[in-house]
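Welcome to this short tour. Open your viewer, keep the sequence beside it, and follow along one selection at a time.

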Amino acid sequence: QRSYKINPVNPEALAWLIYILCFHLGKPSLAAHLVKKILEIDPLTPLNQCCPLCYYWMEGRLDLALEYSRKWHTMESDNSMTGWYLAIFMALNNDHEGTYNFIDQTYNKNPEDLFSKLLIIFKYAL
């Protein structure tokens with residue numbers, strides 16, 4: 001919070017504050033205005049798409065969490081963690097067939113990646 005007060009347009013301070021408010025404090029409603037602000041300041045940094053994803057996830061808006069998960073994955077498709085979150089939110093939005101296909105494609109691209117292996121486990125758990 002101190003970092004944010006010193007420099008309220010610093011995307012990194014905003015991202016951490018959003019994360020802490022949503023996950024550690026369980027108060028996503030306090031992060032709503034910060035989510036909007038980080039995307040106004042820096043919409044092109046892929047990780048900033050994770051901020052609204054976290055916010056909407058904690059608010060129970062899984063449809064919007066999926067939307068931002070897709071944006072994040074599109075911007076950073078080589079990052080296997082973005083694929084992990086995309087598969088989770090596809091499944092949480094009841095797109096099981098799409099989730100299975102996405103997991104198979106992801107795994108076939110890089111079967112040795114940790115997240116690819118976790119996705120296979122996730123697929124069979126579904």
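Select A13, L14, A15, L17, I18, L21 and C22: these residues of α2 are buried (under 20% relative accessible area, with a 1.4 Å probe and protein chains only; over 50% is exposed, and partly exposed lies in between). This is a predicted model, in which local features need pLDDT of at least 70, side-chain atom pairs count only at pLDDT 80 or more, and totals for chains, interfaces and linings use all residues. Residues are numbered from 1 along each chain as its sequence is written, and side-chain values use heavy atoms, leaving out hydrogens and water.

Now show α1 (2–6), α3 (32–41) and α4 (50–58), which are among the elements covering those buried residues of α2. Helices here are DSSP runs of H or I with at least four residues, numbered from the N terminus.

Next, look at the two ends of α2. Just after the helix, G26 has a positive phi of about 65°.

Move on to Q49, in the loop between α3 and α4. Is Q49 buried or exposed? Q49 is buried, at a relative accessible area of 5%. Beyond its neighbours within four places in sequence, Q49 is in contact (heavy atoms within 4.5 Å) with L39, P43, Y68, K71, W72 and M75.
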